[in-house]
Every structure is written in structure tokens, then in C-alpha cells.
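I opened my notebook to keep track of what I look up in this one.

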Amino acid sequence: MEQLAPHIGHLIREELRRQQKTNLWLAQQIGVAPRTVNKIFDKEYIDTCQLLRISRILHTDFFSIYSALLQ
């Protein structure tokens with residue numbers, strides 16, 4: 001049975017909380033409105049360019065989550 005991809009928005013929110021950073025901080029870092037960050041949290045899938053920016057800003061390789069599913 002094929003494993004489903006994780007909900008990336010939830011993973012980003014969890015990592016942001018783990019680092020004790022705010023939605024406003026992330027919004028400022030990626031150059032969007034705070035309400036857009038909330039929309040990102042709701043997304044099950046995300047544009048790769050946006051995910052790359054967020055990965056760099058949070059120093060977290062979110063792509064490795066998907067790579068692990070290829071094994």
C-alpha cells in the first residue's frame with residue numbers, strides 16, 4: 001500500500017511552534033501577510049519554491065519528508 005504524503009502545512013506550523021517563532025515572524029521572513037501564513041498552514045500541498053524558502057528560513061529540510069517516502 002502506498003504511503004500518503006504528510007500534510008505539509010501542519011508540519012510547517014509544528015516546526016514554527018517548536019522553534020518558538022510566531023506567524024508574524026514567518027510572514028515577515030517570507031514577505032507575505034500574516035493571514036497568508038495561516039493559509040499555508042491549511043495547505044496539504046505547497047509550491048516547491050515556497051517550500052524551499054520556508055525550509056531555508058526555518059533551517060528544516062521539509063523535502064526530506066517526501067524523499068523518505070521514495071524509499
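Entry 1: Is Ser55 buried or exposed? I looked it up: Ser55 is buried, at a relative accessible area of 7%. Ser55 sits in helix 4. I take helices from DSSP runs (H or I, at least four residues; strands would be E, at least two), numbered from the N terminus. Skipping neighbours within four places in sequence, I found Ser55 in contact with Thr60, Phe62 and Phe63. Contact here means heavy atoms within 4.5 Å.

A note on what I'm looking at: this is a predicted model, where local features need pLDDT of at least 70 and side-chain atom pairs count only at pLDDT 80 or more, while totals for chains, interfaces and linings use all residues. Residues are numbered from 1 along each chain as its sequence is written, and side-chain values use heavy atoms, with hydrogens and water left out.

Entry 2: the rest of helix 4. I listed its buried residues: Leu51, Ile54, Ser55, Ile57 and Leu58. Looking down the axis of helix 4, I see these buried residues within an arc of 165°, so they line one face of the helix. (The arc is taken from the directions that run from the helix axis to the C-beta atoms.) Thr48, Cys49 and Arg56 are exposed on the other side of helix 4. What covers the buried residues? For helix 4, the cover includes helix 1, helix 2, helix 3 and helix 5.

Entry 3: helix 1. Here I noted Ile8, Gly9, Ile12, Glu15 and Leu16 as buried. Down the axis of helix 1, the buried residues stay within an arc of 130°, so they too line one face of their helix. Glu14, Arg17 and Arg18 are exposed on the other side of helix 1. The buried residues of helix 1 pack against helix 2, helix 3, helix 4 and helix 5.

Entry 4: helix 1 against helix 4. Two packed helices are described by the angle between their axes and the distance between the axes, so I looked up both. The axes of helix 1 and helix 4 come within 11 Å and cross at roughly 20°. Axes are lines fitted to C-alpha atoms, for helices over the stretch in contact, and angles run from 0 to 180 degrees between N-to-C directions. Helix 1 and helix 4 are therefore roughly parallel to each other. (Under 35 degrees counts as roughly parallel, over 145 as roughly antiparallel, 65 to 115 as roughly perpendicular and the rest as oblique.) Which residues meet here? From helix 1 I wrote down Ile8, Ile12, Glu15 and Leu16, and they meet Leu51, Ile54 and Leu58 of helix 4.

Entry 5: helix 2 (23-30). Leu26, Ala27 and Ile30 are buried in helix 2. Seen down the axis of helix 2, they fall within an arc of 100°, so they line one face of the helix. Their cover includes helix 1, helix 3 (34-42) and helix 4.

Entry 6: the core. Which residues touch the most other members of the largest nonpolar core? Among its 15 residues, Ile12, Leu26, Ile46, Ile54 and Phe62 do. (A nonpolar core is a set of buried Ala, Val, Leu, Ile, Met, Phe, Trp, Tyr and Cys residues joined through side-chain atoms within 4.5 Å.) Helix 1, helix 2, helix 3 and helix 4 each supply at least two residues of this core, and helix 4 gives the largest share, 4 residues. I also checked Ile46: leaving out residues up to four places away in sequence, Ile46 touches Ile8, Ile12, Ile40, Leu51 and Ile54.

Entry 7: Ile40. This one lies in helix 3, and at 2% relative accessibility Ile40 counts as buried.

Entry 8: Most residues other than glycine have a negative phi. Gln20, not a glycine, has a positive phi of about 55°. Gln20 is in the loop between helix 1 (8-18) and helix 2, and is exposed at 73% relative accessible area. His59 also has a positive phi, near 55°. I found His59 in the loop between helix 4 (48-58) and helix 5 (63-68), exposed at 71% relative accessibility.

Terms used:
Buried means under 20% relative accessible area, exposed over 50%, partly exposed in between (1.4 Å probe, protein chains only).
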